[in-house]
Structures are given as C-alpha cells and as structure tokens.
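Dear colleague,

Here is the structure for your files. Notes on what was found in it follow below.

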Amino acid sequence: MWRARRGCAVARALVLATLWLAVSGRPLARRPRALSDQGPHLHYGWDQPIRLRHLYAAGPYGVSNCFLRIRSDGAVDCEEGQSQRSLLEIRAVALETVAIKDVSSVRYLCMSEDGKIQGLVRYSEEDCAFKEEINYSGYNVYRSSKHHLPVALSGAKPRQQFTNKSLLRPSYFLPMLPQTSEETREQLESEMLSLPLETDSMDPFRMVDDVGLVKSPSFQK
Amino acid sequence: MQASCAAGSPGNEWIFFSADERNTRSRKTMSNGALLRCVVLSTFILLRAVTGFSGDGRAIWAKNPHLSPVNASQLFLYDTFPKNFFWGVGTGAFQVEGSWKTDGKGPSIWDHFIQTHLRNVNSMGGSSDSYLFLEKDLSALDFIGVSFYQFSISWPRLFPDGIVTVVNAKGLQYYNVLLDALALRNIEPVVTLYHWDLPLALQEKYGGWKNATMVDIFNDYATYCFQTFGDRVKYWITIHNPYLVAWHGYGTGMHAPGEKGNLAAVYTVGHNLIKAHSKVWHTYNRDFRPHQKGWLSITLGSHWIEPNRSENMMDVIKCQQSMVSVLGWFANPIHGDGDYPEVMKKKLLSILPPFSEAEKEEVRGTADFFAFSFGPNNFKPLNTMAKMGQNVSLNLRQVLNWIKLEYDDPRILIAENGWFTDSYVKTEDTTAIYMMKNFLNQVLQAIKFDEIGVFGYSAWSLLDGFEWQEAYTTRRGLFYVDFNSEQKERKPKSSAHYYKQIIKENGFTLKESTPDLQGHFPCDFAWGVTESVLKPEFMASSPQFTDPHLYVWNATGNRLLHRVEGIRLKTRPAQCTDFELGDLVKLWVTINEPNRLSDIYNRTSNDTYQAAHNLLIAHARVWHLYDRQYRLTQRGAVSLSLHSDWAEPANPYVDSHWKAAERFLQFEIAWFADPLFKTGDYPLAMKEHLASRNLRGLSTSVLPRFSPEESRLVKGTADFYALNHFTTRFVMHEQLSGSRYDADRDVQFLQDITRLSSPSRLAVMPWGARKMLGWIRRNYGDLDVYITANGIDDQALENDRLRKYYLEKYVQETLKAYLIDKVKIRGYYAFKLTEEKSKPRFGFFTSDFKAKSSVQFYNQLISSGGFPSESSKPTCSQTLRSTECTICSLLLQKKPLIFFGCCFVSTVVLLISITMFRRRKRRKFWKAKNLQNIPLKKGHSRVLS
C-alpha cells in the first residue's frame, strides 16, 4: 500500500511538472523579440512598379515558414531557405493587381480553373494576375479575380482539386527584400575599402559624405 | 584643349622586355634589399633574368601580409618633427605676380599660351597681384610663421627677351625688396629660377627647350641671379618639375608652349633641361658655393602608384615602370648613375637622346639634396602619368620610401605638396585641412619610422592664383584671394590656421585625450555583452505575433531556435510588456534606439517626428506600468537605449561647424533625452532650428506638441541613461532643403582618412566616448549610466586585433570618465556576442559560433575590472553575494521541488490522518460492540471506566 501511494505521488508530480513546463515554456515562443519593425509598407517599395522580392509564406494555414518558388517544371512549392531560386519579380499590372514571376525559372504564377497553382511560361491576364490584399496582420493574400480563389500552398504534394471552393484557406505572404549573398557583400566591402582615388576631385578620398545618414550597428536591417 | 597626344603615356610602350639585357643595378639589389627577396626570391630571380629590370624601390610594394591594422607604425602618429625642421610655403611667379606687362616685363610663353589656347580665361585681371601687394604677402607669411618662403623669379621680368644683357631695373628692385624683407623677418628664401615662364622671345627665336642653346642661355641667367641675390639665398632650385615642362609642354600640349604629339621633342626637351640644370649646378659649385655656401637642386615631381595585387610580380613591375618613366627619367641621371633608366633606353631607343660618358659624369650627382614635388599637377588629368593598369595613390610616405631606396637615402626637401579645392570654396577649405593632415602625418611617419631624411616641407601654395591648364577653376592657396577685387586682400583659410598650428607645435599633439590610467571599476560594475535578438530566422520581420509554433532555443548548443512539432499555441495580442520574467531582470530597456527606429518612417520629417513621439509615449506608458505594478516587488530599473555617437566639428576653425556638431547632438539625442530626463518637451534648440528653416522656406517640418498630460507622462520616465556608442562623426554645416529628418539637421559628415577605421568605415575615436559621457552628465545631471552597446566590426575571423584594440581603448576612456569626470557609469556591454552571416563582423563569435581571440581579451579585462596597477588589484569577493542569498536562491531553484514536496507531505499527512482517524473510529466501534456483548457486572464496571 505504501508503494502504491508513492507511485501515485510520482505520477502526480509528473503531470504537474508537464503542466509547469508548458506554462513556463510558452514564453519562449511568444516572447516578444526586439526585432526592427519595418514599419509602413511603403518601406517595401510599394511605390515601385516592379519589385524584386521573396514571398515568405507565414501560415497559419497550409505550408508555412518557407519561401514560394516556381520550379522550372512548372510546379509551385515552398523552400525552407531564402535563396536565389525563390527570388520573384512582382510587377504591378493594374490597380492593386500584380503578376508574379520567378526570376530563375522565368515562369509566372498562375491559377488553373480548379484553383490549382502552377507556373506557366506564358503570362495570361486572366489566370496569372492576382489582387494583392493586405491582411489585417500585415501579411498579403493574393487572390485571383477570375477564379475568386486565393493563392494557397498546402502540403508537400501538389494540391488536389477542391470540392468546396469556399473552404480554400489562403496562404499569408510576407514580401521580403532580397538578401545580398555573402560573396557579393564581401566584394562590395572590399571595393569600398579600395575605391580608386578620384584625382580629379578636391576630395579624392571621398571624405565628405553627401548622404548624411546615421547608421547604427545595433540597428541593422 | 585636346589631349589626343600621340605619345599617350610614356610607360605604355614599355611592357616588352628583352631577355639579354644586362644590368648593373640588379646586382646592387641583391646585396642590400632585404625585405623583398625573402618573400619572392625565386620569382625575382626568374624575372630578373627575363627583364633585367632594376630598382630597389620595388621592395616598397611587397607588403607584409601579417602587419596588424593597429600596428603603431600604421596609425596616426602623435609626435613632433625633428628640431629645426624647415617649415615653408611656396608660390610660382607666374601664378601669383600678375602685372604681366607693366614695369618693363617681357611676355612669357604662358602669357602667349593663355591668349592662344586658353581664350576664355580672363588672364589679365585675375591674379593675386603679388607684384603690387608684396606687403600683403609678407603679412601672410608672418601669420603662418614659416621658416622659409619658396618663390620663383620671373625670368622675363628680369630680362624681357631672356638674354642676359641689361637687367630690367624695376624687376630687379622687386626681388631685392622681397629678399631684404624676408631677411628682416628671419625667413629663409628658397628661390626657384625657372617655374615654367620662359621668355617668349627665346621660344620664338630658338624653339625654346628643344634647342640645346638654351642650356647656355639659362646658365647665363642663373649666373646673374647667383651674382645678384646669392648673398641672401642659401637654397636654390634650378627648375620646377621638368617632367611637366616636357610632357605637357611638348607631349600633350596642355602647357605652354602647347606643342604636342612629338615624342622626340618631349625627350629632347627633357634632355636639355637636365643638361641646363647640371651646367648651372657646376657653375654654382665652382664659382659661388665657396663664398656663398648655399645648396642647389632641381624640384622633381611625381605621382605614386600601387599594384592591383601586391603579390603579383607583373603588377609590381608595372608600378616600377610607371615611377621610373616619370621620376626616374630625371632622377636617375641627376641623383643616380648619370644616365637614363635602362628600361627607358631600351624602349625608347633612338627617341631618347644619349648621354656621352663625359656627359654622364657631368650630370651625375648634380643636386645637393632631393627636392620633391607631390601634388595634383602630377595626378591630373589622367594622361599626366603612365598608370599601366595599376592604382594611382596619394601615399606620400611610400613614395618617400621609394626615393630612399632608389637614390641612396638622400636628404629630401618636399618642395611642393598639397591638394586643391574647387574655386567656389572660399576660406572654409575643410577638405584641404584633412589632405594636409594626411600628407604631413605621412611625412612624420617617414621620418620617425622609416628614417627618411626629410628636412623641410613646403605647403603649396601661399596664395590662390593661376592654376595652369585649370586657370582659375581651382584654388591651392592657404590664403583666399578674390581675383575680382581691387585690393586683393589675403584672407587666411582654415588650412592656413591649421598649418600655423602644426608649425607652432612642430607636429601633432594629442589634445583630445589624457594619458592612460591605471585603475578599475567597482565590484558591482556590470560587465556584459550585447546580443541583438533571438530569432527563428535571420530576417527583418519574423511573424512574432502570428506564429503559433513552440520553439526551444539552444537545445543542442547551436543557439538556434528549434521548432517543436505538433504543438500549436494561441497567438497573442500585440503587447509585450507584462514583465513576465521581471523577478529575474533588473534592467529593462523598452526600446532599442528609438532614434534609429524612427528613421524608418522617412517619407517626410513629420512622419519621423510623429513616430518618435509615439515611441516616447509608448515607452512612458510602459515605464508607468512597471512603476505602478512591478517595481515594488521586482526592484528593477527601466529605460530606453539611445544611439549616442559623439560629434566633433569637422573644421574647428569655423564657428558654423561647432554649431553644427552641437545641433547634431540636439537632433540625435536631446530629441529623446530632453523629454525623458529634463523638461518633458522637445529641446528648444531643435524647435528653434526647425522654425528658422520653415521661415526660410527650406522645409515644413513641425515637431508634435506634448499636451500637458503627455508631458507629465513622459517626463522622468527613465531610471538610467542607456547609450549605444560606436564612433565619433565629424560634422560640417551644410544648408539642406527638403522636409526630411536628415535635411532638417543641416549637417554633412566627413570621414577623417587619417583615423583608424573599420571595414564599415566606423572611425575608432575612443576619446569620443568620454566626451559623450561628459555631455550626458552636463546636460542631464548625475544619472546612472549604462553603456549598452559598444563595439566594432573586424574582418579577422580569429585574431581580431582591431576589436581588441577598440575594446581596450574604449574601456580605458570609459574608466577615465568614471574616475576623473565622475560620471556614474554602472555597466559596460560590449557589442556583440555573435555576428550574423553576410553582415559586418561585429561578433566575439563568428556566425558559426567560433570564438575569436577578443573573447579571451575581454574576459581578462572583466576579471581585472579594468586596468588595475599591480598594487591595487580589486578584491571582489563572491562570498558576499552567495551568503546573502544561499537560502533564497536555493528556494528559487528548488521551487517546484519544494512545492511538490509540500504537496506530497500534506497529502501523506492527510492520508495518514484519515487512516488514523478511521482506524481509531473503527476500534471505538468494536469496543463499543464488545462492551454491549459483555454483561456489565458491578465489579467490572469500575475497571472499564
């Protein structure tokens, strides 16, 4: 009887410990991270007709935490890391309407009759233009005006046709500025270090900075 | 001016080599060059066989790859020049004298050239008129305090047609007055006989320097000058920069007489100039030196060049060729072996006139010192020199080293050095200060570290004047002259003030800093390291409020967030200030650098100001929340960190720059700090400046207004001053238009090239940190101060010497601020723990978490608490803290265990008591039953009760 009672206590302790861990572990995920807030969407260059961006799929539905990519065989999937392959050209084609082209595969993001997302070589205004909507959370939803369906990434396998279209949940996308790769950056740095002299100038070392921006190392974009 | 010279550049044709060439100088190289051979011995021998090319100077380009960026010999040198160093300033007669045809002066080839080739130049009116205003020149010399004045005699002013017959009395009088005035002032004259203004008659009659007759004619003129002025002149220069005379006068046609395309003429002119010089030297040496006891040389000018790749032998050879084709052309005969450089002879063949053996003997060694000119005329336009695909450089120290190696360590007079400004720049020639600072410090380094015998320096020039092919579009004077004015007043520019100061101090003294201290911070000083953020991916915007996943951080020690699959959490509303971990955190920084964050809202200045306003209010609310609900129990402090870099006036001689520096601090720091620490309102200086800009129509910026409630809310809502300090900026006033925050400050920045700086161009100026801390104390009182970020980027992945240097110096200055200035500094956090991929390298650890050597260095610094002397090592005992809190920390650590223990104990107690209770009850019950069954007898009843 004593032993049984002790076992009972251990089990109880375990349950309590799990609960405690769940409670104290939660802040890890939801703890605010002092990230630089990119601020208004103007910062993303919405005033530009053509933007080179990566589209980060942010969930909560379907595939998330990855980058939209159109493969050269026309399949659309989502890649874990941000790379040259996921670089997209987002071009404004009409008011609030954009065409999305993958830079490396040179295919347009298009939607077929059944709402299936695919990459086509030829652009068509009906199938390959999407309304860009800003979600309340700051994320974008792309919606085909012809098919009245949002762009949705779901699962690893290509989407099967949806019987009930209204059930199709949109993917939320965040347009991200392209990163400069390490090599190009280092190249830039070394170039900056050994900029050729401007012997024609009264300031051959370019000492005077016309831009006048103050940058802080602890506030990098 | 067409620069379509057929010659192109002299070096371009020399890239071919002959295998059979023999060379005597290369043997010399083998005997005394040391640096080069150990590095590239085999390559060198191989190439020597192929090229037969000489030049000890090549050793200069073999860079030592292990040299530290913070090696003392590479850093700005605070030291003095040798005693009796010869400080001077120079002018050229044609550039400043004016009065080209008054008082019997004859025309020179440049007077003619201006009329025929530079038609758009208003030559006659526009000059500084030194001939008329000699007194003003002398006052200018007095102002600077020079020990010598280098000027040239105008040949056609003495002899109108060039031939020494009857001297022009007025001209003679002018130079006599000048020399007497200099003697009176104890200023040594350095006199140039020929600074390009050849009497036109000689050009027309003989074809100028193309004709060998010129050698004797020049000798006559020189002899007259020695006879007439030699009693007062100890330093003579025969010809100023003969390379430019030959190259631009007869090659490109950019200088008088404007002939071009004839390479043979170029080298004939050069040949005659060398012979003229050597003849004059012999005349002086033979007939005048015995009683006049002076020295004579020729000023040779040159550029400097550096190889694309210093390890590439071909590039190094091209650099050597480039130098030889310009400087070696004249220096080799005069300062070297009496003949042209081998490679020039080989390449130019018959174009280059030969020296006979007797002539070599005559030419060799005809200079008593090496007079060197290093200025814009040898750098621009591009066809001035042979670049040969390499990089032109302004490294005066290197070219002095080259001269030392090539010409056997001569005594050197820098007879012309400086840069120029565009003609719109008047007296505020800020860039010229830094050019001078850079050049002069290189000279000082060459003297102190490289043991080069530089004995004098001539800043160029005393006055603004005629700048040859550029006429009046650039200025090179230390004194500004308005060419259109009547009186031609000489106004000292900033560079004149700067040069004056250097001469007075005979070098560079460090005024910004006091000697290093031995001392340490107190035991409770917070030593820390900053890490920017934890983030699931290295991106600007992570979905922090919409990501429902649970992450575990650093599970395998890789410092990454690892997603726990299968768990979905509810996303939380956008609020981040419930101080969840408050009992563990004693210092809270609400917003990191709001003065940078607001920059993002940069569409208009008013957006920026509104964002800043909102940030201030948000911070204040958070502070009040903490103050109300958590401070009592958690006992922490809350503030926000401000990006606080120091600002210095770029030009300390100009009032507007001082004001700009202070204004910059007001806009950058007081903008947030005044509302928080002082007034509850934006700084007055900022408001007034914006108002005055709006009044002038430069912007429409308005700061948001604090309502009385907001003002009360914001004021005093920071418990300490947290500063992120990285560098010091040089600030200059520049009126900018536009309604943007950057424009509203009306400042521009200047990068001082003489300062050590990082790959991302952050200047290392430790004393700036101390000044910043002093400024904070002056403005906001005796606050607690935390340096919440301080660090630098360093390219090195292992031995990060720049970072170690930076840390040591900045902590040292912080210590001074603490011990001497009594700033209440409570903590120092080095920036930063780990760096990110493809970002500037700021980390103590690389992006894949490898420690750099600065880790150990910083560790050492922390454990000694600063820079203690041997006797005063701090004795910080850990015991105090541990005894104080053994029990509470035990309690804290074992909280769950204790809790479960208590639960367990209480449960057990409960169980036991229940059991006991029941047992007892049952016993009672049985007893009662038994009693009922036993018939009570009288005798027994007593026993039972």
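Where is the place of Glu204(B) in chain B? Glu204(B) sits in helix H8, residues 200-206 (helices are DSSP runs of H or I of at least four residues, strands are E runs of at least two, both numbered from the N terminus). This is a predicted model, in which local features need pLDDT of at least 70, side-chain atom pairs count only at pLDDT 80 or more, and totals for chains, interfaces and linings use all residues. Residues are numbered from 1 along each chain as its sequence is written, chains are lettered from A and ligands numbered from 1 in the order in which they are written, and side-chain values use heavy atoms, with hydrogens and water left out.

Glu204(B) counts as exposed, at 58% relative accessibility (buried is under 20% relative accessible area, exposed over 50%, partly exposed in between, with a 1.4 Å probe and protein chains only). Its C-alpha atom is 9.1 Å from that of Ile109(B), 95 residues away along the chain.

Chain B has 29 helices and 27 strands, and 57% of its 945 residues count as buried.

Over all chains there are 66 salt bridges (a side-chain nitrogen of Lys or Arg within 4 Å of a carboxyl oxygen of Asp or Glu). One of them joins Lys380(B) and Glu470(B) at 2.9 Å, N to O. Lys380(B) lies in the loop between strands S7 and S8 of chain B and Glu470(B) in the loop between S11 and S12, so the pair ties together parts 90 residues apart in sequence. Lys380(B) is buried, at 5% relative accessibility.

Regards
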